Amino acid sequence: AKEQFNWDDYLKETESIAAPLHCFRQSRIPPTNDFKVGMKLEAHDPRNITSVCIATVIGITGARLRLRLDGSDNKNDFWRLVDSSDIQPIGTCEKKGGMLQPPLGFRMNASSWPMFLLRTLNGAEMAPAAFFKKEPPKPVPNCFKVGMKLEAIDRKNPYLICPATIGDVKGDEVFVTFDGWRGAFDYWCRCDSRDIFPVGWCSLTGDALQPPGNNVSITKSSAKIQSSPSKVTRRSMQSPQKSAPVPAQRGRKPGRGKPPGQSAV
Ligand code: MLZ
């Protein structure tokens, strides 16, 4: 059976430390997620953040919601924490004197928006205001340091939360590097991003933390060509910027496609 990823062991193996809780814009105890699939709410359109749209909860994962904008397609789902300031109860926009907007890429003619809005809200199950939690305050200075470990959303596969390492720090920004993926998924973000979490977050929310990249690929696809299995494990556990450059795929059979850990999907 595949070994389960364990932060305590991993931190020891990599001789690294977890980024302290106070570095993150996350509540110390993840907010409870009371939402149910099918409930509707207001959300900022991720592709057009000035407009507030109607969204439906399509899925629940840990402290996050998988959302789809009403009138949009099924190719642009997005995930938000229940304490995200991007979401609010239905009625909030109107109370503030705003108007609900059709999502970018509204499937119908723009002129049919008012009627669509009436129909989509008629008889809808609206998420109660108590389900929305207050967004935690911004951490004051950027206190991340290079080499610190964290859990981060893979922005190319936003349903995934993966073990990561701070690769660089510049002003208010941090470079998030995904362990075992050789840079393919890395990104810069603000230190107060809602996409990064302290070590242990997933085990508190019940999310499935992904194992580091090479760990899986190497043991699966090239175990036979490695001389020492213990070396495989140790290398796979190193953070990307610490790992020795990977030798040209020695002993790899030709025509097997990309080396492990580099596939984008
Ligand atoms: N489908 C992809 C997921 C990669 C996830 C990487 N996260 C940092 C793959 O398995 O290649």
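Leucine 67 stands opposite phenylalanine 78 in E4, and strands E3 (64-69) and E4 (78-81) pair in the antiparallel sense over four bridges. Two strands count as paired here if DSSP finds at least two bridges between them; strands (E, at least two residues) and helices (H or I, at least four) are DSSP runs, numbered from the N terminus. The model is a predicted one, in which local features need pLDDT of at least 70 and side-chain atom pairs count only at pLDDT 80 or more, while totals for chains, interfaces and linings use all residues. Residues are numbered from 1 along each chain as its sequence is written, and side-chain values use heavy atoms, with hydrogens and water left out.

E3 and E4 belong to an open sheet of five strands in the order E4-E3-E2-E1-E5, with antiparallel pairing. E4 and strand E5 (87-88) stand at the edges with a single partner strand each, so one side of each has no neighbour in the sheet. Further in, E1 and strand E2 (residues 48-61) are joined in the antiparallel sense over six bridges, and leucine 41 stands opposite alanine 55 in E2. From E4, Phe78 and Arg80 point one way and Trp79 and Leu81 the other, and all are buried (under 20% relative accessible area with a 1.4 Å probe and protein chains only; exposed is over 50%, partly exposed in between).

E1, E3 and E4 each give at least two lining residues. The space in this pocket is about 610 Å³. On a 1 Å grid over the protein atoms alone, a pocket is an open set of points where a 1.4 Å probe fits, with protein on both sides within 12 Å along at least five of seven lines, and lining residues have an atom within 4 Å of a point. Grid points are joined across faces, edges and corners, and the volume is the space filled by probe spheres set on the points. Of the 25 lining residues, Pro46, Trp79, Arg80, Asp86 and Asp195 are the closest to the pocket centre. The lining divides into eight nonpolar, five polar and 12 charged residues (Asp, Glu, Lys and Arg count as charged; Ala, Val, Leu, Ile, Met, Phe, Trp, Tyr, Cys and Pro as nonpolar; the others, Gly among them, as polar).

A further open sheet of five strands runs in the order E9-E8-E7-E6-E10, with antiparallel pairing. Strands E9 (187-190) and E10 (196-197) stand at its edges. Strands E7 (residues 161-170) and E8 (residues 173-178) pair over six bridges, and valine 169 has valine 174 in E8 as its bridge partner.

Turning to the rings, the whole structure holds 14 aromatic pairs (Phe, Tyr or Trp six-membered ring centres within 6.5 Å; planes under 30 degrees apart are stacked, over 60 edge-to-face, the rest tilted). Phenylalanine 24 and phenylalanine 144 make an edge-to-face pair, 5.0 Å centre to centre with 85° between the planes. Their two loops are involved, so the pair ties together parts that are 120 residues apart in sequence. Both phenylalanine 24 and phenylalanine 144 are buried. Phenylalanine 197 and tryptophan 201 have ring centres 4.8 Å apart and planes at 20°, so this pair is stacked. Phenylalanine 197 is buried at 0% relative accessible area, and tryptophan 201 counts as buried at 2%.
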